[in-house]
Amino acid sequence: QVQLVESGGGLVQAGGSLRLSCAGSGIIFSINAVNWYRQAPGKQRELVAGITSGGSTTYADSVKGRFTISRDNAKNTVHLQMNTLKPEDTAVYYCNVKQQRWLMPPGDYWGQGTQVTVSS
């Protein structure tokens, strides 16, 4: 079975940094697209960053220049380095894998989420 486990969240002051990690099992990150989403209470879930199997990265406008997504193939882990954090970054952050499967519907898997709280 596919499992995604996020870690690295916590409480940090504005301007600080956190490094989130998503460890995968039952699915190979290097041949799939991996994304980070976040959701604050009362707000829609938002795509924060993504990385394709080819290594191309995308970012939400609100985090460009501050966040970096990366993949460690040997550890089957994706990281989200978050710098210069702002209070508006406060949310639960979720790891997501969209698995392309030939001749089958694509897979869509989610981790349990990790809380990031940025104090002002």
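One term before the first click: buried means under 20% relative accessible area, exposed means over 50%, and partly exposed is in between, using a 1.4 Å probe and protein chains only. Keep in mind that this is a predicted model, where local features need pLDDT of at least 70, side-chain atom pairs count only at pLDDT 80 or more, and totals for chains, interfaces and linings use all residues. Residues are numbered from 1 along each chain as its sequence is written, and side-chain values use heavy atoms, with hydrogens and water left out.

**Stop 1: the whole chain**

Start with a cartoon of everything. How many helices and strands does the protein chain have? The tally is 0 helices and 11 strands, where helices (H or I, at least four residues) and strands (E, at least two) are DSSP runs numbered from the N terminus. Reading along the sequence, you get β-β-β-β-β-β-β-β-β-β-β. The radius of gyration of the protein chain is 14 Å, close to the 14 Å from the globule rule for 120 residues, so the chain is as compact as a globular protein of that length. That radius is taken over C-alpha atoms, and the rule is 2.2 Å times the number of residues to the power 0.38.

Draw a box along the principal axes, and the C-alpha atoms of the protein chain fill roughly 50 × 30 × 25 Å. Color by accessibility next: 41% of the 120 residues count as buried. If you show contacts (heavy atoms within 4.5 Å), then among those in the protein chain with a separation of 6 or more, 53% come from residues 24 or more positions apart.

**Stop 2**

Cysteine 22 is in strand E3 (residues 18-25) and cysteine 95 in strand E9 (residues 91-99), so the bridge ties together parts that are 73 residues apart in sequence. Look down the S-S bond: the angle is -80°, which makes the link of cysteine 22 and cysteine 95 left-handed. Are these two buried or exposed? Cysteine 22 is buried at 0% relative accessibility, and cysteine 95 is buried too, with a relative accessible area of 0%.

**Stop 3: the largest pocket**

Now select Arg38, Gln39, Ala40, Lys43, Gln44, Glu46, Glu88, Thr90 and Ala91, which line the largest pocket. On a 1 Å grid over the protein atoms alone, a cavity is a set of points where a 1.4 Å probe fits but cannot get out, while a pocket is an open set with protein on both sides within 12 Å along at least five of seven lines; lining residues have an atom within 4 Å of a point. The largest pocket has a volume of about 160 Å³, a volume being the space filled by probe spheres set on the points, with grid points joined across faces, edges and corners.

Color the lining by class and you'll see 2 nonpolar, 3 polar and 4 charged residues. Here Ala, Val, Leu, Ile, Met, Phe, Trp, Tyr, Cys and Pro count as nonpolar, Asp, Glu, Lys and Arg as charged, and the others, Gly among them, as polar.

**Stop 4**

Most residues other than glycine have a negative phi. Asparagine 76 lies in the loop between E7 and strand E8 (77-82) and is buried, at 16% relative accessible area. Then go to threonine 84, another non-glycine with a positive phi of about 50°. Threonine 84 is in the loop between E8 and E9, and is partly exposed at 45% relative accessibility.

**Stop 5**

Pick serine 70 in strand E7 (residues 67-72). Serine 70 is partly exposed at 32% relative accessible area. Leaving out residues up to four places away in sequence, serine 70 touches Ile51, Thr77, Val78 and His79.

Next, threonine 58 lies in strand E6 (residues 57-59).

Finish at leucine 11 in strand E2 (residues 10-13), which is exposed at 66% relative accessibility. Draw a C-alpha to C-alpha distance from leucine 11 to phenylalanine 29: 28 Å in space, for 18 residues in sequence.

Terms used:
Disulfide = S-S within 2.5 Å.
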